[in-house]
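Have a look at the model first, then read on.

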Amino acid sequence: MAERPQEHESLNNIIVVDNLPKVDPAKLEKLKVVISKVYSKFGVCRNEYYPLDDEGKTKGYGFFEFQNEQMAAEAVKQTDGYRLDKNHTFSVNLLSEVERLTQVPPESVEINNLLSWLTESDAVDQFAVQSDDPKKTTIYSNALSQPIVIEDRTKWTENNFVWSPKGTYLASFHEQGIAFWGGKEFRQVQRFAHRGVNYIDFSPCERYLVTLAPRPGNPDAFIVWDVITGLKKRSFPIDQHLPQGPSYFKWSFQDQYFAKQGPDGIYMYDTESFQLVDKKPFRIPSLADFQWSPTDNRIAYWTAEDGNVPARLVLAEVNGLKLEEIRSKTLFNVIDCKLAWQKRGDYLVVKVDRYTKKSGEKTNIKYSGLIYNFEIFHMRERNVPLDTLEVKETVQSFAIEPVGHKLVVITGEGIRTNVTFYKMGQGQRSGKIETLKVMAQPVTTAYWAPNGQYVVLAAMKTGSSSTAGVLIFVDANDMSIMTKQEHPDLSDIEWDPTGRYVASSVNLWNAKRDHSFKIWTFQGNLVFEKTVERLVVFHWRPRPASLLSEETIKEVRRNRNVWTPKLDQRDRILRTGESAKQQEQRRKQLDEFQKIKEKNIKRLAIQRQQRVELRGGVDTDSLFEQQPSTVGEEVVEFLIKTEEVEYKP
């Protein structure tokens, strides 16, 4: 016990070094000499302690007590990620941080139901707004009267925040790792210790989390975690030859597999063993990109041209240990491809950029005579038929209707842009792509509502564009423009998960001033706006998929005339305020007013004779009593209670 660190006012002068060599007693002194040389340069190390197992071997980590906190902090900063040899790279933390990050909340702490926000009777959505300097995160409930602040915290996160795909958790970033918050009061429910983390990515079903800490030489740059248990499942180093980021790993729709692009193909791992499927990658020469289907264990990928070998567009299906090709197309003169799946997985749309002439050397290739094609796979039809749409103008952007069969393509340059709505053929009409309407509008991007039909055409701020801020609300059922609005210096557009509202925002990255967000109805009516100094980001809280069947949803829509009058009345009442809560508040205010009024009436009555004497015998009070009353009456509807009734179609 003599070697153990001494008690101190805090633990900030003690560091924990992980990934040390595991040695037997004969080599322990030599290990101490080597480690001492590493840490002696940072100051006086008063104590060192190497825990031993039952056989007397070191366990692979150690504790080092420095003379003061400054020495310890510098040792952590300089040696976290230090490579002792090819098999040992240090992971270093302050002991105080290790205890904080690994502490499990006591069982007595009430976390609340993590899905409690979904039980709100009016299905009110939530959204979060972050501002900088000071870094503050505010969560609102989008009530009908106006958004209500339900949580407001400064320095909740050191970087940004991320909602989980189903909205269960809010993730915050810290120097030592990631924290999850949830429940009615947004209490901390989970921690993931990964020093220097700056990117995270969830699996679609929220079972797993990927964190990235891109420190040089870090063998645990990527870590895959189990969200519920908080346990580390697998780690990966950084591949210097491939782009890094939160989408480095791509997940299958039910979290069964995750995959990454390697130098020689797709490296796919299963989430039972977290090992390579079939213990080897699926070899795909010249692989350029791949994307999972959002609803099936299918992968779309394309391979780039390689000498005389043309590019290929491939649709494949995971079948046990195999990746079986089910549809493909050879493409010539290809510069680039962009893969896009429809939300329901009914269509795969691939934008293909092609050239007619190529010149220059391999390191400085120039293309001319550009042509744009859309290759459209009909995923739900037999043999997966493939349509081709050729577009002659420069394509700025495109968007697939999430639930439906429409495709929006924005073409042109600068402010001279056209918006074209296409209908993708189905069944016997496969192969026939119908042009529904062409609109000449100065926009850059299209944003579909989550359930389709409604779309916002927006002019986002790019460079010094004079049209930035235009919002055009379109009903794609009849191709009508419902309204046009403006939000100057527009940075971002985001629909709420139900498609009832859409938010526009101007953040500090795109504008020097007038940072704000606005909330619109799906028809384009402004319902709320707020200026937020140094606004960083606005995000709606996601919702899980509806549990209602397609038939039930259709039945509700067929009988909406029965419910619409009742729901409209309820909406009118809710827009007046907070219903019974506000009624009680007004009653209290009225009671206080009546007490003050009665007190003053008594005082006036007592002093009446004095006033008559002071005014030469004239009773002026009677003059006021004879004047007509100017008191008005306000009628306000309040929601006192709600009642559930059984729906019988």
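What do the buried residues of H2 pack against? They sit against strand S1 (14–18), helix H1 (25–39), strand S3 (61–66) and strand S6 (91–94). A word on the ground rules: this is a predicted model, where local features need pLDDT of at least 70, side-chain atom pairs count only at pLDDT 80 or more, and totals for chains, interfaces and linings use all residues. Residues are numbered from 1 along each chain as its sequence is written, and side-chain values use heavy atoms, with hydrogens and water left out. Helices (H or I, at least four residues) and strands (E, at least two) are DSSP runs, numbered from the N terminus.

Now to H2 itself, residues 69–79: Met71, Ala72, Ala75, Val76 and Thr79 are buried. Looking down the axis of H2, those buried residues fall within an arc of 135° , so they line one face of the helix. The arc is taken from the directions from the helix axis to the C-beta atoms. On the face turned away from that buried side you'll find the exposed residues Gln70 and Lys77. Buried here means under 20% relative accessible area, exposed over 50%, with a 1.4 Å probe and protein chains only.

At the N-terminal end, Asn68 caps H2 through a side-chain oxygen. Just after H2 comes Gly81, with a positive phi.

Over in strand S6 is Leu94, which is buried. Leaving aside neighbours within four places in sequence, Leu94 is in contact (heavy atoms within 4.5 Å) with Asn12, Ile14, Ile15, Ala72, Ala73 and Val76.

| Atoms | Distance |
|---|---|
| Asn68 side-chain oxygen to Gln70 backbone nitrogen | 3.2 Å |
| Leu94 C-alpha to Leu11 C-alpha | 7.4 Å |

Conventions: A polar contact is a pair of N or O atoms within 3.5 Å; within protein, one must be able to donate a hydrogen and the other to accept it, and residues adjacent in sequence count only if both atoms are side-chain atoms.
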